[in-house]
Amino acid sequence: MAAASSCREEAERDPARRHLWLQEASKWAALACEQTGHTLIVCEHGAPASDDVRH
């Protein structure tokens, strides 16, 4: 979970690659949950509307 947290912090410092850092954070969080046997639901918020790829 520490690696996921670090990636989320980096996302705040690097807005140009925010989506990449958040993807990495999600990967690390999922891996941590797999290792502990817990389920994690991650909700990212605060993304600019331009990052919304839904149509």
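1. In this predicted model, E24 and K27 are joined by a salt bridge, with their closest N and O atoms 3.3 Å apart. Both residues belong to helix α2 and sit three residues apart, about one turn of the helix. E24 is partly exposed at 31% relative accessible area, while K27 is exposed at 53%.

2. Helix α2 covers residues 18-36, 19 residues in total. From first to last C-alpha it reaches 27 Å, close to the 27 Å expected at 1.5 Å a residue. After α2 comes G37, with a positive phi near 80°.

3. The buried residues of α2 are R18, L22, A25, A29, A32 and C33. Viewed down the axis of α2, the buried residues fall within an arc of 95°, so they line one face of the helix. Their cover includes α1 (2-13). K27, E34 and Q35 are exposed on the other side of α2.

4. The salt bridges number three. One of them pairs the side chains of E10 and R13 at 2.9 Å, N to O; these two residues lie in helix α1, three residues apart. E10 is partly exposed at 23% relative accessible area, and R13 is exposed at 56%.

5. A salt bridge also links R17 to D14, with 2.8 Å between the closest N and O atoms. R17 is partly exposed at 46% relative accessibility, whereas D14 is buried at 14%.

6. Overall, the protein has two helices and zero strands. Of its 55 residues, 18% are buried. The accessible surface is about 4,500 Å², and carbon and sulfur atoms account for 57% of that surface.

Notes:
Residues numbered from 1 in each chain as written. Predicted model: local features only at pLDDT ≥ 70, side-chain atom pairs only at ≥ 80, totals over all residues. Heavy atoms only, no water. Helix = DSSP H or I, 4+ residues; strand = E, 2+ residues; numbered from the N terminus. Expected span 1.5 Å × (residues − 1). Buried < 20%, exposed > 50% of the residue type's maximum accessible area, 1.4 Å probe, protein only. Arc of directions from axis to C-beta. Contact = heavy atoms within 4.5 Å. Areas by Shrake-Rupley, 256 points an atom, 1.4 Å probe, with all protein chains shown as cover. Salt bridge = Lys/Arg side-chain N within 4 Å of Asp/Glu carboxyl O.
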